[in-house]
Amino acid sequence: MTSYPAAAPGDPAAGPPLAAVNPRRAEILAAAAELFARRGYHGASIGDVGRAVGLTGPALYRHFSGKEAVLAEMLVDISERLHAEGVRRAADPDPGRALDALLRWHIAFSLDNPALITVHERELDNVPEPQRREVRRLQRAYVEEWVAVLRRLRPGLPDERTRAAVHACFGLLNSTPRSAARLGRDAMGDLLHTMARAALESAG
C-alpha cells in the first residue's frame, strides 16, 4: 500500500495558501475555505470569517478588501499551485513515472483539501471576472500537462479523447468531499490511484 501522508507546512498540497507570506492571511483563507464549503459563499459573511480566526471586521479588512477578494485569492492560489506542481511532475522523461507522480500529487491534494474542492465546484462563478479568467487559464494549462503525459504513454490516442479522459479522471480524484469519509487515508489514496490509472490507461 502506498503511503499518502498529510501535507506538511510548505508542501504544495498543504491547505491555502502556499503563496501567502503573511501567516495571518493564510489562516483567514483556510478558515474561509471551511466556512464557504460548509455554508456556501452567500451563507457566510465576512464577519463570520473574521470570527473564525478571532478578528473583528475592521481588523479583517486590513488583510482583504472583502469577501470577494478572499474567494478570488483562494481559488487563484490553488490553481497556481496545481499547475506549478503539475509542470514539475510531468517533466519526468518516463511517461509512466510522470503519470504516477501526477496521480500521487493530485490524490494527496484531494485528500488534504476537500473544502477547497467543494468551494471551487460551487463558487467559481462568484469570483470577479479577471480572476475567474485566470483560474480557468491555469486549469486549462494543468489539464494540458496531464494530456501531454498521457499522449506520450498512448501515442495513438486522439487529442480530444485524451483530454476527455483527463477531465473524467479529475472527476474521480476530486470526489473526496463525498467519497473519502469511510476509508482510511492510505486505503482511499490507493483506491483512487488504482481506479484513475486503470481509467487513463484504458482510454486507448
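In the predicted model, Arg89 and Glu85 are joined through their side chains by a salt bridge, with an N to O distance of 2.8 Å. The two residues are four positions apart in helix H4, so about one helical turn separates them. Glu85 has a relative accessibility of 8% and therefore counts as buried, since the cut-off for burial is under 20%.

The structure holds 20 salt bridges. Among them is the pair formed by Glu73 and Arg25, whose closest N and O atoms are 2.7 Å apart. Because Glu73 belongs to helix H4 and Arg25 to helix H1 (residues 23–39), this pair ties together parts that lie 48 residues apart in sequence. Glu73 is partly exposed, at 23% relative accessibility, and Arg25 is likewise partly exposed, at 23%. A further salt bridge is made by the side chains of Arg151 and Asp159, with 3.0 Å from N to O. Arg151 counts as partly exposed at 29% relative accessibility, and Asp159 is partly exposed with a relative accessible area of 38%.

Salt bridges also link Arg39, Asp48 and Arg51 in a network. Residues 45–64 carry the feature "DNA-binding region" in UniProt, where the entry is unreviewed. In the model, the span 45–64 is 55% helix and 0% strand, and the C-alpha atoms at its ends lie 13 Å apart.

The largest pocket contains about 380 Å³ of space. Its lining consists of 19 residues, and those nearest the pocket centre are Leu82, His106, His120, Gln139 and Asn174. Two or more lining residues come from each of helix H4 (67–90), helix H5 (95–112), helix H6 (114–123), helix H7 (129–153) and helix H8 (159–173).

On the surface, a nonpolar patch is formed by Leu183, Leu191 and Met195. Together these three residues have about 250 Å² of accessible area. Leu183 sits in the loop that runs between helix H9 (176–179) and helix H10 (185–201). With a relative accessibility of 40%, Leu183 counts as partly exposed, because this class covers values between the 20% limit for buried residues and the 50% limit for exposed ones.

Conventions: Residues numbered from 1 in each chain as written. Predicted model: local features only at pLDDT ≥ 70, side-chain atom pairs only at ≥ 80, totals over all residues. Heavy atoms only, no water. Patch = residues over 30% accessible without salt bridge, like charges linked within 9 Å, V, L, I, M, F, W, Y side chains within 5 Å. Areas by Shrake-Rupley, 256 points an atom, 1.4 Å probe, with all protein chains shown as cover. Salt bridge = Lys/Arg side-chain N within 4 Å of Asp/Glu carboxyl O. Buried < 20%, exposed > 50% of the residue type's maximum accessible area, 1.4 Å probe, protein only. UniProt positions renumbered as here; feature names shortened; annotations may be inferred. 1 Å grid on protein atoms, 1.4 Å probe; cavity = no way out; pocket = protein on both sides within 12 Å on 5 of 7 lines; lining within 4 Å. Points joined across faces, edges and corners; volume = space filled by probe spheres on them.
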